[in-house]
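Subject: Structure handover, chain B

Hi,

Here is the structure I promised to pass on. Please open it alongside this note, which walks through what I found.

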Amino acid sequence: MRDAITVRDLTRRFGDFTAVDAVSFAVRAGEIFGFLGPNGAGKTTTIRMLTGLLAPSSGSATVAGLDVGTRADAVREVIGYMSQKFSLYGDLTVAENIELFAGLYGVTGARYDDRRAWVLAMAGLEDRTDRLTAELPLGWKQRLALGCAVLHEPAVLFLDEPTSGVDPLARRRFWDLIDGLSERGTTVLVSTHYMEEAEYCHRLALMNRGRLIALDSPSGLRGSLASAGSLRGSSDVGDMGDVGVRSSLEDVFVELVRREGGAVVG
Amino acid sequence: MTGGSVVVEGLTRRFGALTAVRELTFSVAAGELFGLVGPDGAGKTTTLRMLAGVLRPSAGDALLGGRSVAREPDHVRPQIAYMPQRFGLYEDLTVRENLSFYADLYRVPRAERPARLERLYAFSNLGPFQDRLAGKLSGGMKQKLSLSCALIHRPAILLLDEPTFGVDPISRRDLWLILTEMIAEGVTVILSTAYMDEAERCDRVALLNEGLVLALDTPAALRAGLEGAVVAIRAEDARRARDVLRQLSDIRRASLFGETVHAVVAEWVGADSLRRELSAAGVRVLDARRVEPSLEDVFIQRVAGEEAHA
């Protein structure tokens, strides 16, 4: 399958500080790719480069076949972006937010009518078009924010902790929508530090101190560490009982970061 | 002092026509770690606010350490610490200045402060950052400072509203280390969370929905009470496996987690029958096994079940 994102030796320095250090990976078209790492690991800087907002110091990257260093403007037209801080306007209605984003992305005419109907159906907001966005429960806001981020049918979708703070049911509904997009060919890159979100990804890249320290499927990551026998005793919190699959992915995360000398503090 | 027990009786809060919390009744023993989970609007934050004495109940009452929040909130406050979702840190004060401010507010005797601060710094790893402005801390460090401020007066009862919201896994571990230490010292902790792995760490969990308790028990008992069995299936085409499973009559629910499908079967008769049904539909199964249900499975079954009845 074609790669939707390719990253080769991508590096970004700020003065003496190397925020992203020779990172290389590729994301397949239609893949749901998770990007994990503690604060200061370089996730945000990498995503800012991939979305054409920040020029690399060295190395290269392409998104949907476009070089982020030389074609940043074109890159921004083929991507969608949704952040935990939502770009939605709380004092506008649901319909007004959709109209605003359609205007920004140049979605007009019959295509606007189609896409508007699609977003409302996808988010389950058909009966709530006149509601103020600020008054919606968090789960609905997240679905509307997702709809607005994909109004222009981007080839690659960037999500930054898209479901933080919602309950398991709302999270599962959101990820059903993401999987639907992925099934129809949209490539999804999710940046998160929640293992609950990481579980929904096909593959996970783990960053620490600007470097890529692991890249595998969720089960592959768990398996590699469990078979090395290093999960026992890696938990500081004492006996937490049988906390199942999700927590052990967190153990993997904490253990790998620790092996690399810990997270950046500060 | 009666210790840090909490007794909630018929606690109710109405906002106009909306009843956010209805006749909530439960008890939390001194030294217990008690979790409140539930979807948006379930009443978790409203409950914590009433327990903290910052919101008056419309009806009912809660006794914290034997004192009534409805009748004598001033006697409740010295025993508790309440950490709301957005804690009142002063961003233009340093870490140390924030801690001193809360020490003043809670009238912590001067002589006790150095030892108390040293302990909190040791817990939180904030010692090297004493002179940093709170506004310049990362999200995780802010939460640790908030918790430290809440703990400065050695409360018997700790009320925490989503304490790890927006915190990375490394800081999340630090926060849990602090909580574990507090519980070991006999402090009662009631916290709300959207994360089921955190709910798993609680002694008991109340699952709230629309202001009512749907279930209240230990995590193990809640998991044991799940109807049906959970099966994890890896298949060559996981999406198709999910779609096929959803058509089968004895499958209650099937969800995709990346490469794996989690299905809830009404009755467990072994993995072979599922393998047969999937391969009859042309799906090659790589692995299928029964797994321990998670609290997330319990949550989804109970809350989705409520919605189906509504």
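Which domains does the assignment give for chain B? Domain 1 covers 6-223, and domain 2 covers 227-292. The centres of the two domains of chain B, taken over C-alpha atoms, are 40 Å apart.

Confidence

Keep in mind that this is a predicted model. Chain B has an average pLDDT of 90. Of its residues, 97% score at least 70. For the complex, the predictor reports an ipTM of 0.71 and a pTM of 0.81.

Chain B overall

The chain holds 11 helices and 14 strands. Its C-alpha trace spans about 75 × 45 × 35 Å along the principal axes. Chain B has 310 residues, and 46% of them are buried. Take the contacts in chain B with a separation of 6 or more: 70% of them join residues 24 or more positions apart.

Sheet with β1 and β2

One open sheet of chain B has 4 strands in the order β2-β1-β4-β5, with antiparallel pairing. Why do β2 and β5 of chain B each have one side without a neighbour in the sheet? Both stand at the edges with a single partner strand, so one side of each is left open in that sense. The strand β5(B) is residues 67-68.

Helix α1 of chain B, residues 44-51, packs on this sheet. The helix touches β1, β2 and β4 (59-64) of chain B. Its direction makes about 120° with that of β1(B).

Now the pair itself. Strand β1 of chain B runs over residues 6-15, and β2 of chain B over residues 18-28. They are antiparallel and joined by 7 bridges. Leu11(B) has Leu24(B) as its bridge partner in β2(B). Arg14(B) stands opposite Thr19(B), also in β2(B). The two strands form a hairpin with 2 residues between them. In that turn, Gly16(B) has a positive phi of about 60°.

Sheet with β12 and β14

A second open sheet of 4 strands in chain B has the order β12-β13-β11-β14. Its pairing is antiparallel too. The edges are β12 and β14 (285-291) of chain B. Each has a single partner strand, so one side of each lacks a neighbour in the sheet. From one strand to the next, the twist averages 20°.

Strand β12(B) is joined by 6 bridges to β13 of chain B, residues 260-265. These two strands run antiparallel. Phe257(B) stands opposite Thr260(B) in β13(B).

Helix α10 of chain B, residues 271-280, packs on the sheet. It touches β11 (229-235) and β14 of chain B. The direction of α10(B) makes about 145° with that of β14(B).

Two residues to look at

Arg275(B) lies in helix α10 of chain B. Is Arg275(B) buried, exposed or partly exposed? It has 17 C-beta neighbours inside 10 Å, and therefore counts as partly exposed. Leaving aside neighbours within four places in sequence, Arg275(B) is in contact with Val285(B) and Ala288(B). Leu256(B) is 19 residues from Arg275(B) in sequence, and the two are 17 Å apart, C-alpha to C-alpha.

Asp131(B) sits in the loop between α4 (113-124) and α5 of chain B. Asp131(B) is exposed because 9 other C-beta atoms lie within 10 Å, and the cut-off for exposed is 12 or fewer. Which residues does Asp131(B) contact, leaving aside its neighbours within four places in sequence? They are Thr94(B) and Arg96(B). Val303(B) is 172 residues from Asp131(B) along the chain, and their C-alpha atoms are separated by 46 Å.

Contact with chain A

The contact takes 36 residues from chain B and 40 residues from chain A. On the chain B side, these elements give two or more residues: α5 (139-151), α6 (169-184), α7 (196-199), β12 (251-257) and α11 (295-309). Which element gives the most? That is α6(B), with 6 residues. By type, the residues on the chain B side are 15 nonpolar, 11 polar and 10 charged.

Best wishes

Note on methods:
Residues numbered from 1 in each chain as written. Chains lettered and ligands numbered in written order. Predicted model: local features only at pLDDT ≥ 70, side-chain atom pairs only at ≥ 80, totals over all residues. pLDDT = per-residue confidence, 0-100. Contact = placed C-beta atoms within 7 Å. Nonpolar A, V, L, I, M, F, W, Y, C, P; charged D, E, K, R; others polar. Buried ≥ 20, exposed ≤ 12 C-beta atoms within 10 Å, placed from the backbone. Pairing = 2+ DSSP bridges. Axes fitted to C-alpha atoms, helices over the stretch in contact; angles between N-to-C directions. Domains from an automatic or database assignment.
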